[in-house]
Amino acid sequence: MIDAAGLRVMRAIADEGSFTAAALALGYSQPAVSQMVRRLEQRTGTVLVEKVGRSVRLTEAGEVLARHAGPVLAALDAAEEEVAAIAGLRAGRVRLMAFPSSSVTLVPRALAAVRRAHPDVKVTFTEAEPPESLAALRGGDCDLAVAFSYDGTDLGRDEDLEGFVVHPLLTEEVGIALPKGHRLAEEERVDLSDLSEEEWIAGCPRCRGHLLQISHDAGFAPRVAFETEDYVAVQGFVAAGLGVALIPDIIREATANDDVVVRPLNPPTRRHIHVVTTEDLQRVPAVQAAVTALVDAAAR
């Protein structure tokens, strides 16, 4: 009912004492000021200005609007400045969720690039596996989710991806981690079926599901002896001879263990990493800057 332009006119009339002086102060014409006052009176349903000789004065209702105009207009100016800062990447916030193994190399490189290019943009980071991160994105609890899928499965699985925008980041091979003295450690490629009698270290539910699927395809059910989502711990278990484990390239390269040998599998299996956001959030400059940084970091 009451717009910012109307408030500015009411404050100018209170300060200047006439329509003509108010118009001059605002850079409007006198008829424009008169028209804005009439429109505001129609909207509020009461008289706001009364003529007194050659000058005008505000009615009680007009004085109320003039009194509130200062803080309201100041708040609007502050909001405009903040929005302009966000649009110009002089401010902004991005809430990123990513699965733990991506935080070893991919995510830190991307966040460092955002900080270098846009030091006033704040990026927060929380670890979460794909089902939780995608649900958080859907619920408005994050702006970006770095998620993954394996060959033969889609990214969403049980999560509806309608309205999401998915940017592929990289595809990596998943190898088999073996103790250094393992009987297959010298093989160029390891047939998965040759590991049917081994004990396994399994990871997150999605990773464990992948292990069960490819083992089933190879004709056996894996005996999972230990479960941990920490790939450094996984390699520790493997190095100690407690089992074998699937390990993606991004982890193998970043957390190498001298007592662990990683060999490609036969048949090969791959993990696909994506960054996911929504159609609306993608138009936010800070979110777009973070997406670009993730794509660039993956390319490197």
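Trainee: Okay, Glu-173 first: how exposed is Glu-173 in this model?
Mentor: Glu-173 has a relative accessible area of 24%, so Glu-173 counts as partly exposed. Keep in mind that this is a predicted model.

Trainee: Which residue does Glu-173 form a salt bridge with?
Mentor: With Arg-189, and the closest N and O atoms are 3.2 Å apart. Arg-189 sits in the loop between strand 6 (164–179) and strand 7 (190–191), while Glu-173 is in strand 6, so the pair links parts 16 residues apart in sequence.

Trainee: And Arg-189, what's its relative accessible area?
Mentor: It's 37%, so Arg-189 is partly exposed.

Trainee: How many salt bridges does the structure hold?
Mentor: Eleven. One of them joins Asp-143 and Arg-95 through their side chains, at 2.9 Å from N to O. Asp-143 is in the loop between helix 6 (130–138) and strand 5 (144–150) and Arg-95 is in strand 3 (residues 93–98), so that bridge ties together parts 48 residues apart in sequence.

Trainee: Is Asp-143 buried or exposed?
Mentor: Buried, at a relative accessible area of 4%. Arg-95 is partly exposed, with 21% relative accessibility.

Trainee: What about Arg-183, which residue does it bridge to?
Mentor: Glu-198, with 3.5 Å between the closest N and O atoms. Arg-183 belongs to the loop between strand 6 and strand 7, and Glu-198 to the loop between strand 7 and strand 8 (199–202), so here the parts tied together are 15 residues apart in sequence. Arg-183 counts as exposed at 55% relative accessibility, whereas Glu-198 counts as buried at 15%.

Trainee: Switching to helices. At what angle do helix 5 and helix 10 pack?
Mentor: About 130°, with the axes of helix 5 (residues 106–117) and helix 10 (residues 285–299) 8 Å apart. That makes helix 5 oblique to helix 10. Their crossing is right-handed.

Trainee: Which residues make that contact?
Mentor: Helix 5 brings Leu-106, Arg-109, Ala-110, Ala-113 and Val-114. From helix 10 you get Ala-289, Ala-290, Ala-293, Leu-294, Ala-297 and Ala-298. By type, that contact of helix 5 with helix 10 has ten nonpolar residues, one charged and no polar.

Trainee: And helix 2 with helix 3, how do their axes cross?
Mentor: At roughly 105°, and the axes of helix 2 (residues 19–26) and helix 3 (residues 30–44) come within 8 Å. Angles of 65 to 115 degrees count as roughly perpendicular, and helix 2 and helix 3 are therefore described that way.

Trainee: Who's touching whom there?
Mentor: Phe-19, Thr-20 and Ala-23 of helix 2 meet Gln-30, Val-33, Ser-34 and Val-37 of helix 3. That contact of helix 2 with helix 3 splits into four nonpolar, three polar and no charged residues.

Methods:
Residues are numbered from 1 along each chain as its sequence is written. This is a predicted model: local features need pLDDT of at least 70, side-chain atom pairs count only at pLDDT 80 or more; totals for chains, interfaces and linings use all residues. Side-chain values use heavy atoms; hydrogens and water are left out. Axes are lines fitted to C-alpha atoms, for helices over the stretch in contact, and angles run from 0 to 180 degrees between N-to-C directions. Helices (H or I, at least four residues) and strands (E, at least two) are DSSP runs, numbered from the N terminus. Angles under 35 degrees count as roughly parallel, over 145 as roughly antiparallel, 65 to 115 as roughly perpendicular and the rest as oblique. A crossing is left-handed if the near helix is turned anticlockwise from the far one by less than a right angle, and right-handed if clockwise. Contact means heavy atoms within 4.5 Å. Ala, Val, Leu, Ile, Met, Phe, Trp, Tyr, Cys and Pro count as nonpolar, Asp, Glu, Lys and Arg as charged, and the others, Gly among them, as polar. A salt bridge is a side-chain nitrogen of Lys or Arg within 4 Å of a carboxyl oxygen of Asp or Glu. Buried means under 20% relative accessible area, exposed over 50%, partly exposed in between (1.4 Å probe, protein chains only).
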